[in-house]
Amino acid sequence: MIPRIHKRGSETIGLIRYLYGPGTHEEHVDPHLIAAFDPLTPDPGRDPSATYEQLQRLLDQPVNALPVGRRPKKHVWHLSVRAGPEDPILSDEDWVAIARRMVTATGIAPDGDDAACRWAAVRHADDHIHVVATLVRDDGRRPRLNNEARRAQAEARAIEADYGLRKVSPGDGTAAKRPTSAERHKADRRGQQRIPREELREAVRRSVAGAASEEEFFGRLAAAGLRIRRRIAPSGDTLGYTVALPGDRNAKGEPVFYSGSKLAPDLSLPRIRERWTRASEDATSQPALPSVTGPASARRHATAAAWQALLVIDHGDDSVIAAQITATGEVLDALAHTSAAYTRHELQAAATAFERASRSHVRAARRHGHALRRAARDLVHSGTAFGRGEDSATTAMALDMLIFLVIAAATWHAKKQHAQQAEAARRAAVHLRAAYQSAAARPMTLLHQRGTRLAPTWQRHHSTAIRQALPELADQILAEPGWPALAATLDEARTAGHNPTTLLTRAAARRELDSAERMSDVLVWRLRRMAGLPADPQNSQGQRVGVAHAVSSPERAVHIGTRPANNPPRRR
């Protein structure tokens with residue numbers, strides 16, 4: 001159940017006409033009064049003799065009784081309460097009880113208070129009601145409405161439990177502002193799927209992802225085609241900014257600008273500058289990273305940075321963890337912006353979902369997100385990845401690690417009782433898994449084919465390595481569809497001179513595997529990264545053919561003077 005307290009108004013009659021009217025798109029059905037402060041309150045919806053003006057005069061009577069100078073300018077209070085789409089249709093009797101609980105909880109009409117504010121509840125749809133009240137009590141005093149929004153949320157949680165409704169995650173005040181009715185209706189009129197503010201929020205996030213300076217940030221905004229206005233101080237310094245979509249205009253034909261803080265709390269210029277300040281302070285203490293040579297290289301860097309962030313989330317302090325989670329959002333934004341077409345939709349959905357998980361009341365120690373921010377910058381500057389070859393395979397490799405990172409973020413948020421953030425991170429993980437399936441399809445198919453063609457003796461040899469390194473998980477791994485791909489990777493590692501059993505033990509020790517949907521897939525990418533194998537198995541074909549002593553079985557290896565990589569040399 002979702003309660004929403006709207007902006008206060010100055011005209012009771014205007015709100016009444018809207019509630020009883022047909023709606024902007026004729027969506028109001030059977031508008032009628034279900035409850036009010038007085039059982040004899042007229043209902044213009046079902047009583048032909050009642051009028052809007054009668055209801056308005058009754059509600060406004062305490063306001064009009066005050067001298068003109070003492071009347072509040074914004075005296076109209078408006079609350080809507082909406083059930084979730086999965087919830088059953090509630091009866092009028094149910095909504096009456098809910099309306100009374102809400103006006104009691106918010107302080108509009110506390111139980112037993114005969115001089116409370118006047119209010120009326122109107123229903124014009126199956127799934128929600130509206131409560132209108134006037135903010136002068138019958139005794140002429142103002143109501144005490146401190147934190148009424150939080151009290152409404154708390155009462156909604158209790159109502160959900162009492163009526164068996166879907167539990168909605170409570171907010172903490174760090175979410176981006178929800179679309180208003182006016183914004184939604186404007187988008188509907190224009191046939192737009194999203195409101196301009198949502199499009200601008202996404203564009204600004206993409207522009208800030210990995211940006212190293214104010215100039216680069218504003219340059220990216222301009223390159224994205226946005227209208228930009230800077231607020232300049234007399235000293236010439238930029239104090240803030242606003243952005244607008246080129247085609248978004250108001251009734252006067254003027255562009256509709258939004259400040260960064262109106263898009264999201266962390267998109268104001270001072271909050272964005274914190275990323276650059278902390279990054280520059282910390283850059284000198286960071287080890288030099290190899291230069292990025294293209295999208296595949298950038299994705300390998302992102303995988304390594306995600307792995308380091310995962311260790312921090314497992315064992316770090318809260319402010320440091322918050323910084324890693326915030327920077328993870330930048331990596332997802334950059335990856336979505338530079339992805340191939342066949343993964344772009346799911347990656348954009350993942351980045352959009354995770355945006356809510358990137359903010360909480362835990363203040364982020366931004367300097368600790370430098371590695372991930374550098375990875376986001378590398379992704380942006382390396383350009384768009386191809387949908388095949390090493391670019392595609394390293395995308396799968398990065399996504400495999402990012403799924404673990406996002407799940408770890410969801411777990412941390414859940415422990416901190418950040419319900420909305422935890423749910424957002426879990427939604428992002430769903431989209432990342434879908435993107436992974438697309439990116440990994442080709443390389444995993446090639447590895448699967450290669451694994452099924454291995455000689456039976458080598459297959460048994462690698463399954464023995466699995467049982468030695470991972471005895472508790474071996475049966476499950478060997479039964480997974482991805483086992484042949486893992487066997488092929490173990491064989492590549494062997495021919496490259498690695499000890500498969502040792503490599504498996506190290507890969508499993510890096511982090512638990514139980515939370516993975518497919519442990520064999522996770523091990524494939526960990527092993528290929530640890531062993532320095534190409535992410536795309538097609539690129540390793542020449543390496544395999546060129547091995548000096550290619551052999552058909554472990555026994556043959558011993559016979560010709562070589563040895564299986566996980567068998568020690570015999571003493572002579």
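Guide: Let's start with a term: buried means under 20% relative accessible area, exposed means over 50%, and partly exposed is in between (1.4 Å probe, protein chains only). Keep in mind that this is a predicted model, where local features need pLDDT of at least 70, side-chain atom pairs count only at pLDDT 80 or more, and totals for chains, interfaces and linings use all residues. Residues are numbered from 1 along each chain as its sequence is written, and side-chain values use heavy atoms, with hydrogens and water left out.

Visitor: Why is R275 called buried?
Guide: R275 has 3% relative accessibility, and the cut-off is under 20%, so R275 counts as buried.

Visitor: And what makes E330 buried or exposed?
Guide: E330 also comes out at 3% relative accessibility, so it goes down as buried.

Visitor: How do you know that E330 and R275 form a salt bridge?
Guide: A salt bridge needs a side-chain nitrogen of Lys or Arg within 4 Å of a carboxyl oxygen of Asp or Glu. For E330 and R275, the closest N and O atoms are 2.9 Å apart, and that makes the pair a salt bridge. This pair links distant parts of the chain: E330 is in helix α11 (residues 318-337) and R275 in helix α9 (residues 269-283), 55 residues apart. For helices, we take DSSP runs of H or I with at least four residues, and for strands, runs of E with at least two, numbered from the N terminus.

Visitor: What makes E330 and R373 a salt bridge?
Guide: Their N to O distance is 2.7 Å. R373 sits in helix α13 (residues 370-382) and E330 in helix α11, so the bridge ties together parts 43 residues apart in sequence.

Visitor: Is R374 buried, exposed or partly exposed, and why?
Guide: R374 has a relative accessible area of 28%, so we call it partly exposed. D378, at 9%, is buried. R374 and D378 form a salt bridge too, at 3.2 Å between the closest N and O atoms.

Visitor: Why is the pair of F217 and Y241 called edge-to-face?
Guide: Rings of Phe, Tyr and Trp (its six-membered ring) pair if their centres lie within 6.5 Å; planes under 30 degrees apart are stacked, over 60 edge-to-face, and the rest tilted. The centres of F217 and Y241 are 5.6 Å apart and the planes stand at 80°, so edge-to-face it is. F217 belongs to helix α7 (residues 214-223) and Y241 to strand β7 (residues 238-244).
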